[in-house]
Amino acid sequence: MLSITTFATIAQWAGIATLGLGALALLAFVLKWDFRFRLVGVTGFMGVLTVGLFALSLGPVTRTVIPGALHYVVVYDTGSTQTVIALPPQVTESELEATLRQAASDQFSRGRFSRGEDQLTIRARTIVHPRPGVSEPLMLGQVQRSLSVRDDEQMTISINQQHLARLPQAEA
């Protein structure tokens, strides 16, 4: 993954290329070259590209990785205070906790609507099959975190031990 300093370096080179193309376009107008308007378009595009690369160099692009977290799928997201993620049925308690922390980090966004609440609730679920042809969803746990604080030290994780005990054991 590209870092902030890499984007800054690329933005600098794109800025130099934009200035060079701008000078070339100016020269094309002075000398009345046939392709002068194409150079204006290329210069404008390079200007937009440079601004975008500069914007990427301002903010963090990196993703926090929680050790032990499993891959999850977001199955429901209101865009505000409720999200549900799906996990495989062979999850352990430590993997569940790490995955809930990972989801809390990944799903944080200052653009979420609060709707009067200041907490984002992320629930983890899985589907078990007690009999052939029967599927049963199990809510394994949830994490509640702040909607406004990026590094929330007050987030609470609760795990449903009864549902976790009903999961099939992973074969060793």
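**From one threonine to the cores**

Thr50 lies in helix H2, residues 36–58; helices (H or I, at least four residues) and strands (E, at least two) are DSSP runs numbered from the N terminus. This is a predicted model, where local features need pLDDT of at least 70, side-chain atom pairs count only at pLDDT 80 or more, and totals for chains, interfaces and linings use all residues. Residues are numbered from 1 along each chain as its sequence is written, and side-chain values use heavy atoms, with hydrogens and water left out.

Is Thr50 buried or exposed? Thr50 is buried, at a relative accessible area of 14%, where buried means under 20% and exposed over 50%, partly exposed in between, with a 1.4 Å probe and protein chains only. A polar atom of the Thr50 side chain lies 2.7 Å from the backbone oxygen of Met46. Beyond neighbours within four places in sequence, Thr50 is in contact (heavy atoms within 4.5 Å) with Ala11, Ala14, Gly15 and Thr18.

After H1 comes Lys32, with a positive phi near 55°.

Now the cores: sets of buried Ala, Val, Leu, Ile, Met, Phe, Trp, Tyr and Cys residues joined through side-chain atoms within 4.5 Å. The largest nonpolar core has 18 residues, and Ile85, Val91, Leu96, Ile122, Leu140 and Leu167 touch the most other members. A second, separate core of 5 residues includes Phe7, Ala11, Ala14 and Met46.

Technical notes. Polar contact = N/O pair within 3.5 Å; in protein donor to acceptor, adjacent residues only side chain to side chain.
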